[in-house]
Amino acid sequence: MIQFIIRRILQTIPVLIGVSILVFSMMHLVPGDPAQVIAGEGAPQEQIENIRERLGLNDPLPTQYLNYVTSAVQGDLGTSMRSGRDVSAEIGARFWVTVELAIYSTILAVFLGLIAGIISATRKYTAIDTTIMIVALFGLSMPNFWLGLMLIQWFAIGIDLPSWVPFFNNTAWFSPSGWGSFSQIVLPVITLGTGSAAIIARMTRSSMLDVIGSDYIRTARAKGVKEQIVIYRHALKNALIPIVTVVGLQFGGLLGGAVLTESVFAVNGMGKLIIDSIQARDFPVVQGTVLVASLLFILVNLIVDVAYRFLNKRIDLD
Amino acid sequence: MTGAPNPSYDNILEIKNLQTSFFTKDLEVKAVDGVSFNIPKGKVLGVVGESGSGKSITSLSILRLIEEPGKIKGGEILFKGENLLDKSEAQMRKIRGNEISMIFQEPMTSLNPTFTVGQQISESFRIHEGLGKKEAKKKSIEMLKLVGIPSPEKRINQYPFELSGGMRQRVMIAIALACNPDLLIADEPTTALDVTIQAQILDLMKELQEKLDMGILLITHDLGVVAETCDYVAVMYCGKVVEFTDKKTLFTEPKHPYTVGLMQSVPQHDQDVDGDLAVIRGSVPSPADMPQGCRFAPRCPFATDLCRNKLPDLETDEEGNQIRCWIYSDEWDGDPEVNVHEQSKSTS
């Protein structure tokens, strides 16, 4: 097992090199001269040259790349052009917000998705199954920013409805923006979790249906195993294998920063940081954030692969 | 864990007029249509027939494991004198894997790939005998030894994918026999295995059957398997039993033209095989288009108008052998001197 993990970590090295090259080239591929941007409109040529010199923009590209990687490995991702603070400090301040948001949303999505998927699969072709799948389709098709706005309207601002309307009248229960308290967390987590929950529910249903029809489930029933145990122990353990992949991908995606959701709810996470930095042409921060998000994604995939091994002993990475 | 012995039954299993159907939108497929047979205590009954004759559905009906859209419509399944169709689901669970066990045709897919062999055998002990983890494991190792798996202490921690097909079928047998069942249902247990492994598995089953004194319902389409293992044989065709005899009679004196056809389509090693192999003409009728008379009539070389129009009953003779064929009834309207053996040889 340890050998497997080490081998799997070594395999991420080429991916990391690729990511770093891409991230590094970003600065040189986008239109506009960063030195010009920093100096500001109408700055004298001399000042721009100074900035170029200071940032090492006159060195040949491979040298610049090596310098970039060397300092990145040491945790130095450069300096924000906007705030003048270290990029790593900028990211550090937002990092945990995004991680929390991703974790809470994933927990919600897995919880709802698994339950809905299992109920659907065990009651296939009934009205319950159809209803769940239609709801899931809605959840899947709803754009995040729209769902976020609707939730804010309903549950943060409240709608004045005629007094006979039950439940939905003036339901300003939660906070529309920011991050930290429970009332601030609820709406963005629901917004982000809904789509993932829908995907997980559909995946769980089809995966469970596959497994429930298999010979070894019949064997378990013929052994006298209780139906709940047949479903939750014998079937689910096998059905989880494809579900874990989906959950991993979803979680990895969320860690990269939920750009839209963070913007809608003014959550100061990495997603919002990327947007703000792109708008300000703050390249070092954009680079740093993308790099960190990629690292997280690779890490999550690594964890998923290890989880696979626990679920399915046949998987061998050779 | 079997209940107090009830002396009032001679047959471990009696099936009476069992009917199991599958329902599609506008069609009822009668997979098992009035099947009756008995298995005396400690005996082996072979159920023989072509694919689609209802053998497997009969066996799944006994354990009440028929899934939607299938349904047991009627009849009685008396196990130790008690009708299984009257039992609640919870009562059935106590019987499954404990008093009646089942092994399946596909050893490659019948074991759960995500649990070790030990976990899968232990489960039976833990459910039915309430044993703890350690004891269950100890007994699982004993079971593996019993079914002839070498170094069971090592095998017990392995996953099914690490075992060969023959080994997996041995594990299936170990699971089935864990709680010392009174009846073992084996649905084509050797069909998916190599010929040499087949013989080993059959010998093992036979040996354990004698040791544990259990009844076996052996489903097969292989008459060689019947010859080697069974005491009695039920021949099924299109959801009905057409002949029920002891093994010896089946091989020396088969009565039903279908049984005769089955016997003759087994190639003999001392037979001249220059010519064509013997076959039964035609094919099994589709359930949507079942003949109204004897189901075998369209393929039977002796069929008369009587056969084509009226379904014969299953008649029992003095020795307890049963036959569903007009030829042996008083109403027979064909050649009274008919000899099913010679005739079918010349027509095959």
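1. Chain A is built from 13 helices and zero strands, where helices (H or I, at least four residues) and strands (E, at least two) are DSSP runs numbered from the N terminus. The order along the sequence of chain A is accordingly α-α-α-α-α-α-α-α-α-α-α-α-α. This is a predicted model, in which local features need pLDDT of at least 70 and side-chain atom pairs count only at pLDDT 80 or more, while totals for chains, interfaces and linings use all residues. Residues are numbered from 1 along each chain as its sequence is written, and chains are lettered from A, with ligands numbered from 1, in the order in which they are written.

2. Taken along the principal axes, the C-alpha atoms of chain A fill a box of roughly 85 × 65 × 30 Å. Of the 318 residues in chain A, 34% are buried; a residue is buried if 20 or more other C-beta atoms lie within 10 Å of its own, exposed if 12 or fewer, and partly exposed in between, with C-beta atoms placed from the backbone. Among the contacts in chain A with a separation of 6 or more, 69% join residues 24 or more positions apart, two residues being in contact if their C-beta atoms, placed from the backbone, lie within 7 Å.

3. The interface with chain B involves 19 residues of chain A in contact with 23 residues of chain B. On the chain A side, the elements that give two or more residues are α9 (215–222) and α10 (227–255), and α9(A) gives the most, with seven residues. The residues of this side of chain A divide into five nonpolar, six polar and eight charged; here Ala, Val, Leu, Ile, Met, Phe, Trp, Tyr, Cys and Pro count as nonpolar, Asp, Glu, Lys and Arg as charged, and the others, Gly among them, as polar.

4. For chain A, an unreviewed UniProt entry lists "transmembrane region" at residues 12–30, 101–122, 134–159, 179–201, 239–260 and 290–311; such positions are given in the numbering used here, feature names are shortened, and annotations may be inferred rather than shown by experiment. In the model, residues 12–30 of chain A are 95% helix and 0% strand, with end C-alpha atoms 27 Å apart. Residues 179–201 of chain A are 87% helix and 0% strand, and their end C-alpha atoms lie 28 Å apart.

5. How do helix α12 (residues 270–279) and helix α13 (residues 283–311) of chain A pack, and at what angle? Their axes are 9 Å apart and the angle is about 150°, which makes α12(A) roughly antiparallel to α13(A). Axes are lines fitted to C-alpha atoms, for helices over the stretch in contact, and angles run from 0 to 180 degrees between N-to-C directions; angles under 35 degrees count as roughly parallel, over 145 as roughly antiparallel, 65 to 115 as roughly perpendicular and the rest as oblique. Met270(A), Leu273(A), Ile274(A), Ser277(A) and Ile278(A) of α12(A) meet Val285(A), Val286(A), Thr289(A) and Ala293(A) of α13(A). The residues of this contact divide into seven nonpolar, two polar and no charged.

6. Val19(A), in helix α1 (residues 2–29) of chain A, is partly exposed, because 18 other C-beta atoms lie within 10 Å. Leaving aside neighbours within four places in sequence, Val19(A) is in contact with Leu291(A) and Ser294(A). Val19(A) and Leu291(A) are 272 residues apart in sequence, yet their C-alpha atoms are 7.2 Å apart in space.

7. Most residues other than glycine have a negative phi, and most peptide bonds are trans. The peptide bond from Glu68(B) to Pro69(B) is cis, with omega near 0°, and Pro69(B) sits in the loop between α1 (55–62) and β4 (70–79) of chain B. Asp213(B), in the loop between α7 (195–212) and β8 (215–220) of chain B, has a positive phi, near 50°. Cys238(B), in the loop between β9 (232–237) and β10 (240–246) of chain B, also has a positive phi near 50°. Which of the two terms, buried or exposed, applies to Asp213(B), and which to Cys238(B)? Asp213(B) counts as exposed, because it has 11 C-beta neighbours inside 10 Å, whereas Cys238(B) is buried, with 23 other C-beta atoms within 10 Å.
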